[in-house]
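Dear colleague,

Please find below the structure that I am handing over to you, together with its sequence. My findings follow directly after it.

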Amino acid sequence: MSNLKPYPKPTCGERAKIAFHYLLPQLAVTRLAGWFANKQWGGATHFVIEQFAKVYKINWHEAKKSKPSDFADFNEFFTRELKDGARPIVSGSRELCLPADGRVSESGQIDDSRLLQAKGHSFTLEDLLAGDTELAAQFKNGSFLTTYLSPRDYHRVHMPCAGTLRKMIYVSGELFSVNPFLAQHVPNLFARNERVICVFDTEFGTMVQILVGATVTASMTTVWYGTVNPPRENGVRVWDYPAEGENVIRLEKGVEMGAFRLGSTVVNLFPQNTVALDERLQAGEITRMGELLGTLPE
């Protein structure tokens, strides 16, 4: 990859921060966060939500429920719905929409089978897709978008285009934080963390949308399955879905497909010569669900 220039060596303070995340008991911390987030403690819960909203400058005006006391527990607050019309969906028939609020972690072309994680780091399609070489082959030299959701962001994930669900793959893994700092310093971060890989048939071929777990991301959900994790089982679990018939699962562009209970990352994969990513989607750019992701060729 031409843009894989060495990243400056971390300072002593940064090395200590990196070491802390390697030594952190990730699963125990995540389970504790999940336990706390599900607790309904009335006024105490509302106080925590209020303080969190102040620290992270939550925009209450766009939420359906507009005050801390509207929520029974922290998870309900964290996965809060937005008001109708708060995120207009690009309407062009050849336009794809962004799946989530957040910031671009990285985006661009896949170099044969390697994706850019951050300056100095890349990872392979095969590793990201849990060794599924047949699936990985469909995205060689394709394009990708990685979106980082911070704690302040809207945490429901939507469809960038219409698609028919064909497969869901749960992959157990690490639970490193996925913030930009660690993306620059932890090799293979997105390919080693826990993740839920969702495979869709679309009008332009196969599209993959991946929900990547992280420290304190207590669970990931999809609208067709519900809570995928916990339980957290070692290894890989696979669910197959029909292409047609009464049990087919088809989701339209812009509709909700899943959610994080506490923040994380979404990775989208597109086949070669199918989606021209919007030029503004450079690392660090703010994303808002529903805005333009890219266009299909005429």
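This is a predicted model: local features need pLDDT of at least 70, side-chain atom pairs count only at pLDDT 80 or more; totals for chains, interfaces and linings use all residues.

I would start with strand S5, which covers residues 143–148. Of its 6 residues, 6 are buried, so the strand is largely enclosed by the rest of the structure. In a regular strand, side chains alternate between the two faces of the sheet. In S5, Ser143, Leu145 and Thr147 point one way, while Phe144, Thr146 and Tyr148 point the other way, and all are buried.

Which strands pair with S5? One is strand S2 (residues 102–109), which runs antiparallel to S5 and is joined to it by 6 bridges. Within this pairing, arginine 103 stands opposite tyrosine 148 of S5. Another is strand S15 (residues 265–270), which is also antiparallel to S5, over 6 bridges. Here serine 143 has phenylalanine 270 of S15 opposite it.

**The annotated serine**

The loop between strand S14 (256–261) and S15 contains serine 264. UniProt, in an unreviewed entry, lists Ser264 for "modified residue: Pyruvic acid (Ser)". Is serine 264 buried or exposed in the model? Its relative accessibility is 0%, and it therefore counts as buried, the cut-off for that class being under 20% relative accessible area.

**A three-stranded sheet**

An open sheet is formed by 3 strands in the order S1-S18-S16, with antiparallel pairing. Strand S1 (95–97) and strand S16 (276–277) are its edge strands, each pairing on one side only. The antiparallel pairing of S1 with strand S18 (residues 292–295) comprises 3 bridges. In that pairing, glutamate 95 has threonine 295 in S18 as its bridge partner.

**Aromatic contacts**

The structure contains 13 aromatic pairs. One of them joins phenylalanine 52 and tyrosine 56 in a tilted arrangement, with 4.6 Å from centre to centre and 40° between the planes. Phenylalanine 52 is buried, at a relative accessible area of 17%, whereas tyrosine 56 is partly exposed, at 34%.

Phenylalanine 52 also pairs with phenylalanine 78, and this pair is edge-to-face: the centres are 6.1 Å apart and the planes are at 70°. Because phenylalanine 52 lies in helix H3 (residues 43–55) and phenylalanine 78 in helix H4 (residues 74–78), the pair ties together parts that are 26 residues apart in sequence. Phenylalanine 78 is buried, with a relative accessible area of 1%.

Which residues make up the aromatic cluster that includes Phe52? The cluster consists of Phe52, Tyr56, Trp60, Phe71, Phe74, Phe77 and Phe78. At phenylalanine 77, the charged end of arginine 80 sits over the ring, 4.8 Å from its centre. A further contact involves arginine 237, which lies over the face of tyrosine 170 at 4.8 Å from the ring centre.

**Points to take away**

With kind regards

Key:
Residues are numbered from 1 along each chain as its sequence is written. Side-chain values use heavy atoms; hydrogens and water are left out. Two strands pair if DSSP finds at least two bridges between them. Helices (H or I, at least four residues) and strands (E, at least two) are DSSP runs, numbered from the N terminus. Buried means under 20% relative accessible area, exposed over 50%, partly exposed in between (1.4 Å probe, protein chains only). UniProt positions are given in the numbering used here, feature names are shortened, and annotations may be inferred rather than shown by experiment. Rings of Phe, Tyr and Trp (its six-membered ring) pair if their centres lie within 6.5 Å; planes under 30 degrees apart count as stacked, over 60 as edge-to-face and the rest as tilted. A charge sits over a ring if NZ of Lys or CZ of Arg is within 6 Å of the ring centre and within 35 degrees of the ring normal.
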